[in-house]
Amino acid sequence: MSFKEEKQVVRAFYKALDAAAPERISEVAAQHMAPDSLWRGFHPFGELTGPAEVAEKFWQPLRRSLTRMQRREDIFFAGKNEMDGFGSTWVVSMGHLMGLFDQPWLGIAPTGKMAFLRYCEFNRVEAGHIVETAMYFDIPHLMIQAGLQPFPPQTAAHLVQPGPITHDGLLFEDRPADEGRATLAAINAMIGDLGTWQLGLPLEEELARTWHDDMIWWGPAGIGATYTIERYATQHSGPFRAGFKDRSKTKHLARLAEGNYGGFFGWPNFTAVPTGGFMGMPGCDRPGEMRVIDIYRRDGDKLAENWIFIDLLHFWKTLGVDILARMETVPRS
């Protein structure tokens, strides 16, 4: 099975998009996206329809704010979507969009300095065009670079996150199908454990079933990155599980893998009711929506690295806390 044509569609779009002046982005998007394409982005963008709306509401404002933008891609792969019976083909790209933060964006004051916007994008490709997109990006991470503190102190580390330690994440050429199947199997085994929280094992023993001991969890701003099973359990997984109740079943729109890399996204992935303590925030009596992208690197039969994108702005807004609106009125430190 080959994904060369679908990969080329996305790579050609990125090349044209990244080279285009802001005023030409709508024209470029129309050449590569289907007229009725569906685009999903983190708050405050939500669902957009068609290349013109995506260009005008997302890409043009971002490009005018982050001038001289570069796409610094760390992971690129494609695969068939397990969630629709391996019918559709998706192409995944992850990395940073880096530029000079010269103009305000979403009410965030510019710094005139380099800034990195973490992103991950899933593109469904059909008949030579992109017909569906999930583009998730870490806005709080950009806020912190601009001197803002949108959340209480996080339990893990804040940093500009590198790509895989193996430096082999750009799968421009196809990989053997059995490698992707092994990666998907490892991801599904982890999901089976994570989705229940009821194995009856100590947390570290449960995690060791599907993760290497020296795993790295590259979490979003507000939670942070953490290294080794022991620290992951204490700096994220344990507090996260303790901070919620009534978690819904996991629901993904796409889940795929190629080579040693794979991932998924949902809209939302699940809902849960915060009981208090997660991210230093109070509990409440209603569920919040978790829109998430997870990207994984497999090593052998276990997972070694995980890059996570969570729409925390949307999550807290569903619970009555508008982080982005509040930050618009706060000066940089």
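How much space lies in the largest cavity? The largest cavity holds about 400 Å³. This is a predicted model, in which local features need pLDDT of at least 70, side-chain atom pairs count only at pLDDT 80 or more, and totals for chains, interfaces and linings use all residues. Residues are numbered from 1 along each chain as its sequence is written, and side-chain values use heavy atoms, without hydrogens or water.

View 1. The structure holds four cavities of 30 Å³ or more. A cavity is a set of points on a 1 Å grid over the protein atoms alone where a 1.4 Å probe fits but cannot get out; lining residues have an atom within 4 Å of a point. Points are joined across faces, edges and corners, and volume is the space filled by probe spheres set on them. The largest cavity is lined by 29 residues, with L194, Y232, R247, F270 and D294 closest to its centre. Two or more lining residues come from each of α5, α6 (203–208), β7 (211–218), α7 (229–242), β14 (292–299) and β15 (302–310). Helices (H or I, at least four residues) and strands (E, at least two) are DSSP runs, numbered from the N terminus. The top contributor is α7, with five residues. The lining has 16 nonpolar, eight polar and five charged residues. Ala, Val, Leu, Ile, Met, Phe, Trp, Tyr, Cys and Pro count as nonpolar, Asp, Glu, Lys and Arg as charged, and the others, Gly among them, as polar.

**View 2. The largest pocket, about 290 Å³ in volume.** A pocket is an open set of points with protein on both sides within 12 Å along at least five of seven lines. Of the 14 residues lining the largest pocket, M1, F3, A177, R181 and A257 lie nearest its centre. β3 (66–80), α5 and β10 (254–258) each give two or more residues to this lining. α5 has the largest share, four residues. The classes are eight nonpolar, two polar and four charged.

**View 3. Aromatic pairs around Y136.** There are 29 aromatic pairs in the structure. Rings of Phe, Tyr and Trp (its six-membered ring) pair if their centres lie within 6.5 Å; planes under 30 degrees apart are stacked, over 60 edge-to-face, the rest tilted. Y136 and F265 have ring centres 6.1 Å apart and planes at 80°, so this pair is edge-to-face. Y136 is in β6 (residues 129–137) and F265 in β11 (residues 261–265), so the pair ties together parts 129 residues apart in sequence. Both are buried: Y136 has a relative accessible area of 0%, and F265 has 0%. Buried means under 20% relative accessible area, exposed over 50%, partly exposed in between (1.4 Å probe, protein chains only). Y136 and W267 form a tilted pair, 6.2 Å centre to centre with 35° between the planes. W267 is buried at 17%. One aromatic cluster includes Y136, F265 and W267, along with F58 and W59.

**View 4. The kink in helix α3.** α3 (residues 51–65) has 15 residues and reaches 20 Å from first to last C-alpha, close to the 21 Å expected. The expected span is 1.5 Å times one less than the number of residues. A kink of about 35° lies at W59, shortly before the proline P61. The bend is the angle between axes fitted to the seven residues ending at a residue and the seven starting there. Buried residues of α3 include V54, F58, W59 and L62.
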